[in-house]
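Trainee: I have a new model open on my screen, and I would like to learn how to read it. Could you walk me through it?

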Amino acid sequence: MEFAVLFGAIPLCYAIGWLPLPKIPLLLTVSGVALAYLIKTKNLPKSTVFIQFREIRPYLRPIILRCLAVTVISTAAVAVFTPSELFAFPRSRPLLWLAVMGLYPILSALPQELLYRAFLFARYSPILRTPAALTLASVLSFAFLHVVFGNPVAVVLTIPAGYVFTRTYRDTGSLTLAALEHAAYGCIVFTVGLGRFFYHPA
């Protein structure tokens with residue numbers, strides 16, 4: 001019931017207008033509660049947040065390669081289907097673009113990874129007892145969150161992205177690394193011209 005309310009009812013109520021609240025403060029509030037739970041239950045060890053370079057080095061190359069692939073594919077998609085949108089954001093509003101590049105990792109990517117990876121894995125592992133079940137729950141709930149943007153593209157695109165972030169977190173045990181990869185994808189999306197699918201002024 002708790003899982004259904006947190007990861008289903010809240011995004012759905014927001015999408016249909018029953019929660020007329022700003023998205024970022026709402027996300028920060030919910031993720032703040034999740035963080036308090038993780039700290040209280042000692043499910044957020046220092047190794048999850050602070051990791052040494054030698055520990056993440058084996059994972060950096062595949063993450064960089066994935067980011068390059070996302071850049072190429074998303075740039076090509078925008079160039080083919082909506083060429084007028086290609087790099088329109090940094091070209092037309094460079095200062096706002098810079099602000100998004102700086103704030104998105106902190107105010108969006110990190111809270112989402114905290115909630116949909118660290119909290120979900122810690123809180124629901126007693127009922128989702130296998131890595132496959134936890135991965136599926138994380139991916140689908142993360143994708144469903146994006147119904148708040150009111151378009152199917154956001155939901156569809158975040159299914160493979162959510163799988164990648166979940167695998168990164170599951171394989172490395174690092175919230176920081178998962179959040180950094182999430183932040184990189186988000187910055188790429190907003191830069192090349194797909195940001196309109198992941199932004200709603202409400």
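Trainee: Where do I begin: how many helices and how many strands are there in the protein?

Mentor: Keep in mind that this is a predicted model. The protein has nine helices and zero strands. Reading from the N terminus, the order of elements is α-α-α-α-α-α-α-α-α. The radius of gyration is 17 Å, close to the 17 Å from the globule rule for 202 residues, so the protein is as compact as a globular protein of that length.

Trainee: What does the C-alpha trace span along its principal axes?

Mentor: The span is about 50 × 45 × 30 Å. As for the inside, buried residues account for 40% of the 202 residues.

Trainee: Now to pairs of helices. How should I describe them?

Mentor: Two packed helices are described by the angle between their axes and the distance between the axes. Take helix 6 (residues 94–124) and helix 7 (residues 131–145) as our case: their axes come within 10 Å and cross at roughly 145°.

Trainee: Is the crossing of helix 6 and helix 7 left-handed or right-handed?

Mentor: That crossing is right-handed.

Trainee: Which residues of helix 6 and helix 7 meet?

Mentor: From helix 6 come Gln112, Tyr116, Arg117, Leu120, Phe121 and Tyr124, and from helix 7 come Leu134, Ala137, Ser138, Ser141, Phe142 and Leu145.

Trainee: Could we zoom in on one of them? Is serine 138 buried or exposed?

Mentor: Serine 138, which lies in helix 7, has a relative accessible area of 0%, so this residue is buried. Leaving out residues up to four places away in sequence, serine 138 touches Tyr116, Arg117, Leu120, Phe121 and Thr166.

Trainee: Let me try histidine 182. Where is this residue found?

Mentor: Histidine 182 is in helix 9 (residues 175–192). Its relative accessibility is 3%, and because buried means under 20%, histidine 182 counts as buried.

Trainee: Which residues is histidine 182 in contact with, leaving aside neighbours within four places in sequence?

Mentor: The partners of histidine 182 are Tyr104, Ala109, Gln112, Glu113, Phe142 and Phe165. Gln112 and Phe142 also take part where helix 6 meets helix 7. As for phenylalanine 165, its C-alpha atom is separated from that of histidine 182 by 6.6 Å, with the two residues 17 apart along the chain.

Trainee: And the backbone? What is phi of lysine 42?

Mentor: Phi of lysine 42 is near 60°, a positive value in a residue other than glycine. You will find lysine 42 in the loop between helix 2 (23–40) and helix 3 (46–49). With 75% relative accessibility, lysine 42 counts as exposed.

Trainee: What about phi of phenylalanine 87?

Mentor: Phenylalanine 87 has phi near 55°, a positive value in a residue other than glycine. Look for phenylalanine 87 in the loop between helix 4 (53–81) and helix 5 (88–92). Its relative accessible area is 32%, so phenylalanine 87 is partly exposed.

Conventions
Residues numbered from 1 in each chain as written. Predicted model: local features only at pLDDT ≥ 70, side-chain atom pairs only at ≥ 80, totals over all residues. Heavy atoms only, no water. Axes fitted to C-alpha atoms, helices over the stretch in contact; angles between N-to-C directions. Helix = DSSP H or I, 4+ residues; strand = E, 2+ residues; numbered from the N terminus. Left-handed = near helix turned anticlockwise from the far one by under 90°. Contact = heavy atoms within 4.5 Å. Rg over C-alpha atoms; globule rule 2.2 N^0.38 Å. Buried < 20%, exposed > 50% of the residue type's maximum accessible area, 1.4 Å probe, protein only.
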